[in-house]
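Please read the numbered points with the sequence and the model in view.

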Amino acid sequence: MTSSEPYEVNERNVLNVLVNAKNDLLIENEYALVTNFREWAKLFISNPTSSILMPESPENAIISLENDCSTSYEIYIGVYSELKAAYSELQDEESRRVFNRPFSELEKVKQREVKNKIPLIISEAKPSDHIQ
């Protein structure tokens with residue numbers, strides 16, 4: 001399968017994130033603060049309670065990120081940075097749990113192993129006009 005071929009995705013594996021024209025962050029249609037997004041993302045990706053409303057595993061977690069054409073660059077970068085930080089923290093936690101060392105100190109092959117367990121999967125929609 002190529003990346004351009006459509007495939008079926010289980011909705012429980014997708015966290016819908018939107019930044020609207022007013023620069024509001026919405027996570028699953030609920031207003032949220034950018035400063036809280038990292039923890040939301042970590043909770044969703046890791047699914048520590050094995051909720052049927054969250055991904056079956058971190059390998060299946062997809063963050064669907066959409067923004068309006070009017071979204072400020074600063075807000076967009078802030079959201080994206082928090083998302084990347086969430087993945088970095090989860091990968092570091094996994095590294096310490098499995099290898100008893102920070103992710104940054106692992107050999108490349110072990111880093112790849114951790115990244116395969118907690119892959120960064122972001123689906124970015126083309127910016128749209130006038131998302132309220």
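This is a predicted model: local features need pLDDT of at least 70, side-chain atom pairs count only at pLDDT 80 or more; totals for chains, interfaces and linings use all residues.

1. Five strands make up an open sheet, arranged in the order β3-β2-β1-β4-β5, with mixed pairing. The edges are taken by β3 (30-32) and β5 (122-124); each has a single partner strand, so one side of each is left without a neighbour in the sheet. From one strand to the next, the twist averages 30°.

2. Strand β1 and its partners. Strand β1 spans residues 14-19 and is mostly covered, with five of its six residues buried. Its pairing with strand β4 (residues 62-67) is parallel and involves six bridges. With strand β2 (residues 25-27), β1 runs antiparallel, and three bridges join the two. Leucine 18 illustrates both pairings: glutamate 66 stands opposite leucine 18 in β4, while in β2 its bridge partner is leucine 26.

3. The hairpin turn. β1 and β2 form a hairpin in which five residues lie between the strands. Asparagine 23, in this turn, has a positive phi of about 65°. Lysine 22 also belongs to the loop between β1 and β2. Is lysine 22 buried or exposed? With a relative accessible area of 59%, lysine 22 is exposed, because the cut-off for that class is over 50%. Lysine 22 and threonine 71 are 49 residues apart along the chain, yet their C-alpha atoms are separated by 6.9 Å.

4. The β2-β3 pairing. Three bridges link β2 and β3, and the sense is antiparallel. One of the residue pairs here joins isoleucine 27 to its bridge partner in β3, glutamate 30.

5. Helices against the sheet. Helix α1 (residues 34-46) lies across β1, β2, β3 and β4 and runs at about 165° to β1. Helix α2 (residues 73-99) also packs on the sheet, where it touches β1, β2, β4 and β5. The direction of α2 makes about 175° with that of β4.

6. Geometry and burial of α1. The 13 residues of α1 should span 18 Å at 1.5 Å a residue, and the end C-alpha atoms are 19 Å apart, which agrees. The buried residues of this helix are Phe37, Ala41, Lys42, Phe44 and Ile45. They cover an arc of only 165° around the axis, so they sit on the same side of α1. The elements covering them include β1, β2, β4 and α2.

7. In soluble globular proteins, nonpolar side chains tend to be buried together. The largest nonpolar core here has 21 residues, of which Val17, Leu25, Phe37, Ile45 and Ile63 touch the most other members. At least two residues of this core come from each of β1, β2, α1, β4 and α2. Which element gives the most to this core? That element is α2, with six residues.

8. Isoleucine 45. This residue of the core deserves a separate look. Apart from neighbours within four places in sequence, isoleucine 45 is in contact with Pro55, Ser57, Pro58, Ala61, Ile63, Tyr87, Leu90 and Ile118.

Methods. Residues are numbered from 1 along each chain as its sequence is written. Side-chain values use heavy atoms; hydrogens and water are left out. Buried means under 20% relative accessible area, exposed over 50%, partly exposed in between (1.4 Å probe, protein chains only). Helices (H or I, at least four residues) and strands (E, at least two) are DSSP runs, numbered from the N terminus. Two strands pair if DSSP finds at least two bridges between them. Axes are lines fitted to C-alpha atoms, for helices over the stretch in contact, and angles run from 0 to 180 degrees between N-to-C directions. Contact means heavy atoms within 4.5 Å. A nonpolar core is a set of buried Ala, Val, Leu, Ile, Met, Phe, Trp, Tyr and Cys residues joined through side-chain atoms within 4.5 Å. The expected span of a helix is 1.5 Å times one less than its number of residues. The arc is that of the directions from the helix axis to the C-beta atoms.
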